[in-house]
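Subject: Structure for you to look at

Hello,

I am passing on a structure for you to look through. Please open it alongside this email, as the notes below follow it piece by piece.

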Amino acid sequence: MHIKKVRVKDIISTEYQMRFKTIKKDIQSLARSIQVNGLLCPPAVTIKGKKVVLVFGHRRLEAVKKLNWEEVTVIVLDGVEDKDLVVKALVENIEKLSLT
């Protein structure tokens with residue numbers, strides 16, 4: 001695992017994304033928060049060949065797109081297999097739920 005900056009337009013979602021419906025109002029609110037406070041928890045990606053694949057952080061990615069960021073800091077998870085993408089996304093969502 002390591003941290004790096006990548007171009008926002010290079011990050012792709014997969015069919016494994018946990019968020020099926022993103023509410024526009026939520027993204028706007030998150031974008032305002034990121035604009036004021038910064039991106040406190042970066043999205044996580046994995047690298048598949050030349051593709052930068054989103055593992056989790058879909059709402060955060062949509063919010064920085066709304067802010068017209070060209071680059072975003074991400075957590076790069078090394079060596080994540082396709083079968084593990086959904087598990088990592090699910091665990092991240094469960095951990096987030098346990099905080100609320």
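In what order do the elements of the chain run from the N terminus on? The order is β-β-α-β-β-α-β-α. That makes three helices and five strands. Please keep in mind that this is a predicted model.

Some totals for the chain come next. The chain has 100 residues, and 35% of them count as buried. It exposes about 6700 Å², with carbon and sulfur atoms supplying 55% of that area. Take the contacts in the chain with a separation of 6 or more: residues 24 or more positions apart account for 82% of them.

The five strands form an open sheet with mixed pairing, and their order across it is 1-5-3-4-2. Strand 1 (2–7) and strand 2 (11–12) stand at the edges; each has a single partner strand, so one side of each is left without a neighbour in the sheet. As background, strands of a sheet pair through backbone hydrogen bonds, either parallel or antiparallel.

Which way do strand 1 and strand 5 run relative to each other, parallel or antiparallel? They run antiparallel, and six bridges join strand 1 to strand 5 (residues 71–76). Within this pair, His 2 stands opposite Val 76 in strand 5.

Helix 2 covers residues 58–66. Its buried residues are His 58, Arg 60, Leu 61, Ala 63 and Val 64. The helix lies across strand 2, strand 4 (51–56) and strand 5, and it runs at about 120° to strand 4. After helix 2 comes Asn 68, which has a positive phi, near 65°.

Glu 70 is in the loop between helix 2 and strand 5. Is Glu 70 buried or exposed? The cut-off for exposed is over 50% relative accessible area, and Glu 70 counts as exposed because its relative accessibility is 67%. For Glu 70 and Val 8, the separation is 62 residues in sequence, while their C-alpha atoms are 5.6 Å apart in space.

Regards

Key
Residues numbered from 1 in each chain as written. Predicted model: local features only at pLDDT ≥ 70, side-chain atom pairs only at ≥ 80, totals over all residues. Heavy atoms only, no water. Buried < 20%, exposed > 50% of the residue type's maximum accessible area, 1.4 Å probe, protein only. Helix = DSSP H or I, 4+ residues; strand = E, 2+ residues; numbered from the N terminus. Contact = heavy atoms within 4.5 Å. Areas by Shrake-Rupley, 256 points an atom, 1.4 Å probe, with all protein chains shown as cover. Pairing = 2+ DSSP bridges. Axes fitted to C-alpha atoms, helices over the stretch in contact; angles between N-to-C directions.
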